[in-house]
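User: I am new to this structure and would like to learn how to read its features one at a time. Could you take me through them, giving the general idea before each case?

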Amino acid sequence: LWLATDQGVVRLTLPDQRTTRWNEVNGLPDPRTLSLVLHQGRMVAGTMRGLAEVQDDGTAERLAMRFIDPAYALLSRGDTLWVGTPFGLRAWMPGEVGLAEPEGLARLGGARVPVRGIGYVADTLVAMTESQLLWRDPLSGAWTAGPLLSGLGRLTAFAVTSDGIWVGGDRGAGFVRPMSPLLRILYAPTDLPGGVTAIASEGSYLWIGTTEGLVRLRLQGR
C-alpha cells in the first residue's frame with residue numbers, strides 16, 4: 001500500500017506491515033506529496049516542488065531537475081510520464097531535465113491552467129482542469145476543450161472507467177464521455193453527503209470519497 005502524505009511517501013508492505021518512509025531527508029524535493037504513479041517499474045512521487053523516483057533502499061532521486069512546481073497528477077504511458085501542473089499538462093521523458101508541453105496544446109485557448117487529473121479513455125488522452133476536460137484526438141493529435149462543468153463546482157477528483165470518466169468537485173460528481181455534456185450527475189448534499197474529495201472505480205462499483213464520508217455505488221448497464 002502506497003500513501004502520498006504531507007510528510008512524505010509511505011509504503012506499507014503486507015502482510016508483515018513493514019513501513020518505509022521517504023521525505024526531504026532522503027531525497028524528496030518536498031515532503032508534501034500530491035501524487036504517486038508506477039512508471040517503468042519504479043514508483044514516482046509528485047510533490048509540491050517537483051518529481052522524484054523512490055528507491056528500494058529508502059532514498060529518492062530527483063527527476064526533471066528544472067521542474068520545481070507542484071505535480072498535481074501523474075500518469076504513466078509507455079516511456080512518457082504525464083504530469084498535471086499549475087500551468088497545464090506536461091510530459092517527461094527519461095533523461096530530460098525539464099517537462100515539455102504536448103504538441104498542439106498551446107494552440108488551445110485557456111489550456112495553461114492547473115491540471116488535476118489525467119487518463120486515457122481507450123486511445124484518447126484526457127486532462128481535467130478545475131472547470132472542464134481537455135481531449136486529444138488519437139488520430140490527428142488535435143486538442144479540444146469539452147463543455148464547462150461548473151455545476152459540479154471546482155473539479156478536484158477524476159477516475160477513468162471503460163465507458164468514460166467520472167469527475168467530482170465540491171458540489172457533486174458527474175459522468176462524461178469525450179466531448180459530451182454531463183450524462184449523469186450526483187449532487188451534494190442531496191445525492192452525496194458532501195463535496196467530492198476522491199473517486200475510484202473497480203469492477204461494477206464506484207467509490208466516492210466526500211467531506212462527510214465514503215459512498216459506494218453499484219454501476220448498472222456496464
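User: Which residues is Leu134 in contact with, leaving aside its neighbours within four places in sequence?

Analyst: Bear in mind that this is a predicted model. A contact here is a pair of heavy atoms within 4.5 Å. Once the neighbours within four places in sequence are set aside, Leu134 is in contact with Leu105, Leu108, Ala111, Leu125, Val126, Ala127, Thr129, Trp143, Thr144 and Ala145.

User: Which residues touch the most other members of the largest nonpolar core?

Analyst: A nonpolar core is a set of buried residues of the nonpolar kinds, joined through side-chain atoms within 4.5 Å. The largest one has 15 residues, and those that touch the most other members are Trp82, Leu89, Leu105, Ile118, Leu125, Leu134 and Trp143. At least two residues of this core come from each of the strands β8 (73–77), β10 (88–92), β11 (115–121) and β12 (124–129), and β11 gives the most, with 3 residues. A second, separate core has 13 residues, including Ala173, Leu192, Ile199 and Ile208.

User: Is Arg90 buried or exposed, and what surrounds it?

Analyst: A residue is called buried when its relative accessible area is under 20%. Arg90, which lies in strand β10, has a relative accessibility of 10% and therefore counts as buried. A polar atom of the Arg90 side chain lies 3.3 Å from the backbone oxygen of Phe87. Leaving aside neighbours within four places in sequence, Arg90 is in contact with Leu81, Trp82, Val83, Thr85, Leu99, Ala100, Glu101, Pro102 and Arg112.

User: How much space lies in the largest pocket, and which residues lie nearest its centre?

Analyst: Rolling a probe the size of a water molecule over the atoms shows where empty space is left. In this model, the largest pocket holds about 340 Å³ of space. Its lining is made of 15 residues, and Tyr72, Ala73, Arg116, Thr156 and Phe158 lie nearest the centre. By class, that lining has 10 nonpolar, 4 polar and 1 charged residues. The strands β4 (33–39), β8, β11, β15 (155–160) and β19 (196–202) each supply at least two residues of the lining.

User: What is phi in Gln40 and in Ala64?

Analyst: Gln40 is not a glycine, yet its phi is positive, at about 50 degrees; Gln40 lies in the loop between β4 and β5 (42–47). With 47% relative accessibility, Gln40 counts as partly exposed. Ala64, also a residue other than glycine, has a positive phi near 45 degrees and lies in the loop between β7 (60–63) and β8. The relative accessibility of Ala64 is 3%, so this residue counts as buried.

User: Is Ser162 buried or exposed?

Analyst: A residue is exposed when its relative accessible area is over 50%. Ser162 reaches 61% and is therefore exposed, and its place is in the loop between β15 and β16 (165–169).

How values were computed:
Residues numbered from 1 in each chain as written. Predicted model: local features only at pLDDT ≥ 70, side-chain atom pairs only at ≥ 80, totals over all residues. Heavy atoms only, no water. Buried < 20%, exposed > 50% of the residue type's maximum accessible area, 1.4 Å probe, protein only. Helix = DSSP H or I, 4+ residues; strand = E, 2+ residues; numbered from the N terminus. 1 Å grid on protein atoms, 1.4 Å probe; cavity = no way out; pocket = protein on both sides within 12 Å on 5 of 7 lines; lining within 4 Å. Points joined across faces, edges and corners; volume = space filled by probe spheres on them. Nonpolar A, V, L, I, M, F, W, Y, C, P; charged D, E, K, R; others polar. Polar contact = N/O pair within 3.5 Å; in protein donor to acceptor, adjacent residues only side chain to side chain.
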